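User: I'd like to go through this one step by step, if that's okay. Could you bring it up?
Analyst: Of course, here are the sequence and the structure.

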Amino acid sequence: MRRVGIVGAAVTPFKARWYEKTYYELAQMATAAALEDAGLGVDDVDGVVYGIYNDIFQRAAIPEHPLQAVIGLENKFGVRVSNGGATGAYAMSVAHAYLAAERFKTLLVLGVEKATDCFDFQSMSATPEVIKTIGWSGDSFFEQKLGWTASDSYAEVVLAYMDEHPGDLKPEITAQVAAQLSQQARDNEFAQRRFDQVTPEEVLNSRIVVYPFKELEICVYSEGAAAVIMAEEQTAKAIARNTGKPVIWVTGVGEANEPSFAGKNHKIMHRILSHHLAAKRAYEMAGIKNPLKEIDVIELHDAFVHQLEISMAEMGFVPLGRADSVIEEGLMMPGGPILVNPSGGLLYSGHAVGASNIMSAWSARRELIRRGLRRALVHGTGSTVAQYGVVLILEQR
């Protein structure tokens, strides 16, 4: 199996609404910028893996088909991945597999989403239609009929965790995590909420959306695109010699999809085993024994702050039941041993679903290069009750 590395990356600004751009144009913007970063022309790329979560957001049943020629890859390989919130991470996993197997030398991974093209003409707002569209992701026999939403789905897991570990996920700690992420977003020029800094007190006093989630502890839906250029070993090294930028190698990949229903031999509601198993498999592939000591940067899919803390525990950075250690022991505070979501995370950078994990990879690569660090972890989660989990280990050698 060939080694695979990232040789170029780019994101568009993440916005609540891109009035002046279609998703075609956002895809073009991210593709052009990623190719420029890699010093390549579009003819140098063998194909594309699209990360597009939701057909209805784009108002098309197969929204990737117009993009093939729009981005200049007509008559080349193209495949779409759609795995809920984990779409971008799974898209990079798929590209890694094709390149490692030597099917191709260079692939573009392109995530794009245009959520608020959904519009509700009764309320004259996008919000009800966006929530309803995401609601179609729920099980059609039970959850949809109960009025399922993404927030109450993840709240089921968080509340079960709080029952199992009373005293963890304290409100004052989750508020500090959210405030810390808002500060970090200032360094991300593409973040949707770059200048929206909040204090822990403001987080604590924000309204409850779905218990225990407060308004300032939840990601925002976004429009935007992100892209990475991935290449097999020899091609990656040649590109790096040309650009003078280091190859960021993908040294570990792990995935797991849990059952989506609770019960015997089904979902253990107080765990997010998909994240635990995905991290374990990625660590084994990368040769990581102690993630707390061996990983420098984490870009974690933080749809909700409470889920961020549980995921840190499931991935071995803190013990289960002591997830508040991320703040209480200073692990993710300034000067702490781990840089967690330097982009501001999905809470403050924004959540353009199919593009989000690719934005996370862009941020992790940027931090490794500019800070001279060795390893980063990129994480994606998706579907109901955090069913899907994907972890990629990025490494600078």
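User: How many bridges join β4 to β7, and do they run parallel or antiparallel?
Analyst: Keeping in mind that this is a predicted model, β4 and β7 are joined by nine bridges, and the two strands run antiparallel. One of the pairs to look for is V112, whose bridge partner in β7 is A225.

User: What joins β7 to β1, then?
Analyst: Strand β1, which covers residues 4-11, is connected to β7 by seven bridges, and these two strands also run antiparallel. Within that pairing, G8 has I229 of β7 as its bridge partner.

User: And β2 with β4, parallel or antiparallel?
Analyst: Those two run parallel, with five bridges between β2 (residues 47-51) and β4 (residues 106-114). If you want a place to look, G51 stands opposite G111 in β4.

User: What's the order of the strands in the sheet?
Analyst: The sheet is open and has 10 strands, in the order β3-β2-β4-β7-β1-β8-β12-β11-β9-β10, with mixed pairing. At the edges stand β3 (77-81) and β10 (339-340), and because each has a single partner strand, one side of each is left without a neighbour in the sheet.

User: Back to β7: how many of its residues are buried?
Analyst: Strand β7, residues 223-232, has 10 of its 10 residues buried.

User: Which residues are on which side?
Analyst: On one side you find E223, A225, A227, I229 and A231, while G224, A226, V228, M230 and E232 are on the other, and both faces are covered.

User: Changing topic, what span should helix α15 have, and how far apart are its ends?
Analyst: Helix α15 has 19 residues (353-371), so at 1.5 Å a residue the helix should span 27 Å, and the C-alpha atoms at its ends are 27 Å apart, which agrees. As for cover, 16 of the 19 residues in α15 are buried, and just after the helix G372 takes a positive phi of about 65°.

User: Which residues form the nonpolar patch on the surface?
Analyst: That patch is formed by F141, F142, L146 and F261, which together have about 520 Å² of accessible area.

User: Where is L146 found, and why is L146 called exposed?
Analyst: L146 is found in the loop between α5 (127-135) and α6 (150-164). Its relative accessible area is 75%, and a residue counts as exposed when that value is over 50%, so L146 qualifies as exposed.

Definitions and conventions
Residues are numbered from 1 along each chain as its sequence is written. This is a predicted model: local features need pLDDT of at least 70, side-chain atom pairs count only at pLDDT 80 or more; totals for chains, interfaces and linings use all residues. Side-chain values use heavy atoms; hydrogens and water are left out. Helices (H or I, at least four residues) and strands (E, at least two) are DSSP runs, numbered from the N terminus. The expected span of a helix is 1.5 Å times one less than its number of residues. Buried means under 20% relative accessible area, exposed over 50%, partly exposed in between (1.4 Å probe, protein chains only). Two strands pair if DSSP finds at least two bridges between them. Patches are made of residues with over 30% relative accessible area and no salt bridge: like charges are joined within 9 Å, nonpolar side chains (Val, Leu, Ile, Met, Phe, Trp, Tyr) within 5 Å. Accessible areas come from the Shrake-Rupley method with a 1.4 Å probe; for residues, only the protein chains shown count as cover. A salt bridge is a side-chain nitrogen of Lys or Arg within 4 Å of a carboxyl oxygen of Asp or Glu.
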